[in-house]
Amino acid sequence: MARRTFFSFHHGRDNWRVGQVRNSWVVGKDRESAGFWDAAEWEKVKLQTPDKIRKWIDEQLVGTSVTVVLIGNETSTRPYVKYEIEQSIARGNGLLGVYIHNMKDVEGKTDTKGSNPLPVGYKTYDWVHDDGRNNLGAWIEAAAKVAGR
């Protein structure tokens with residue numbers, strides 16, 4: 001069963017890398033076999049007020065069972081990422097982190113590893129070194145089970 005998943009990330013700096021992760025299911029048979037379904041509609045939130053962005057985040061989390069924090073160089077400093085993590089924990093979502101700094105961006109460059117924004121005890125993986133393309137669905141399922149979802 002594919003899990004409805006919320007992806008948390010730094011929109012400006014990591015958008016190219018995040019797009020690769022969010023669309024990684026395309027190389028497989030279908031979303032069901034990938035093990036996750038990206039639940040958010042990111043394009044609708046651009047240029048909104050802070051209150052509207054928090055409301056949008058709350059709405060996007062509805063019906064999800066797992067939140068994946070895609071960790072780039074500056075992710076841990078982003079206030080909305082912090083809010084998304086707090087709200088995910090409050091609603092009982094499974095939670096995990098995936099480092100994306102080793103992925104190449106549109107210019108073929110990698111980035112410097114950023115700090116982990118997750119509280120102690122949550123699992124993290126590296127997209128490149130831990131073969132995220134083939135393992136993301138399993139990581140999501142494991143996080144859901146740890147959370148009792």
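Two strands pair if DSSP finds at least two bridges between them. Helices (H or I, at least four residues) and strands (E, at least two) are DSSP runs, numbered from the N terminus.

This is a predicted model, so local features need pLDDT of at least 70 and side-chain atom pairs count only at pLDDT 80 or more, while totals for chains, interfaces and linings use all residues. Residues are numbered from 1 along each chain as its sequence is written, and side-chain values use heavy atoms, with hydrogens and water left out.

**View 1. Strand β1 sits beside strand β3.**
Here β1 and β3 (residues 66-71) run parallel, joined by four bridges. Look for Ser-8, whose bridge partner in β3 is Val-69. Strand β1 (residues 3-8) is largely enclosed by the rest of the structure, because five of its six residues are buried. Buried means under 20% relative accessible area, exposed over 50%, and partly exposed in between (1.4 Å probe, protein chains only).

**View 2. The largest nonpolar core has 18 residues.**
A nonpolar core is a set of buried Ala, Val, Leu, Ile, Met, Phe, Trp, Tyr and Cys residues joined through side-chain atoms within 4.5 Å. Val-21, Val-68, Leu-70, Leu-96, Val-98 and Leu-136 have the most contacts inside this one. Two or more residues come from each of α1 (11-22), β3, β4 and α5 (132-146), and α5 gives the most, with five. A second, separate core has seven residues, among them Ile-71, Val-81, Tyr-99 and Leu-118. In soluble globular proteins, nonpolar side chains tend to be buried together.

**View 3. Zoom in on the neighbours of Leu-96.**
Contact means heavy atoms within 4.5 Å. Setting aside residues within four places in sequence, Leu-96 is in contact with residues including Val-66, Val-68, Leu-118, Tyr-125, Trp-139 and Ile-140.

**View 4. Arg-13, Glu-74 and Asp-111 form a salt-bridge network.**
A salt bridge is a side-chain nitrogen of Lys or Arg within 4 Å of a carboxyl oxygen of Asp or Glu. For Glu-74 and Arg-13, the closest N and O atoms are 2.8 Å apart. This pair links distant parts of the chain, 61 residues apart: Glu-74 is in the loop between β3 and α4 (79-90), and Arg-13 is in helix α1. Glu-74 is partly exposed at 29% relative accessible area, and Arg-13 is partly exposed at 35%.

Asp-51 is exposed, with a relative accessible area of 56%, whereas Arg-54 is partly exposed at 29%. Glu-59 and Lys-55 make a salt bridge too, with closest N and O atoms 2.4 Å apart.

**View 5. Asn-102 is in the loop between β4 (94-99) and β5 (124-126).**
The side chain of Asn-102 makes polar contacts with the side chains of His-101 (3.3 Å) and Asp-126 (2.8 Å). A polar contact is a pair of N or O atoms within 3.5 Å; within protein, one must be able to donate a hydrogen and the other to accept it, and residues adjacent in sequence count only if both atoms are side-chain atoms. Asn-102 counts as partly exposed, at 25% relative accessibility.
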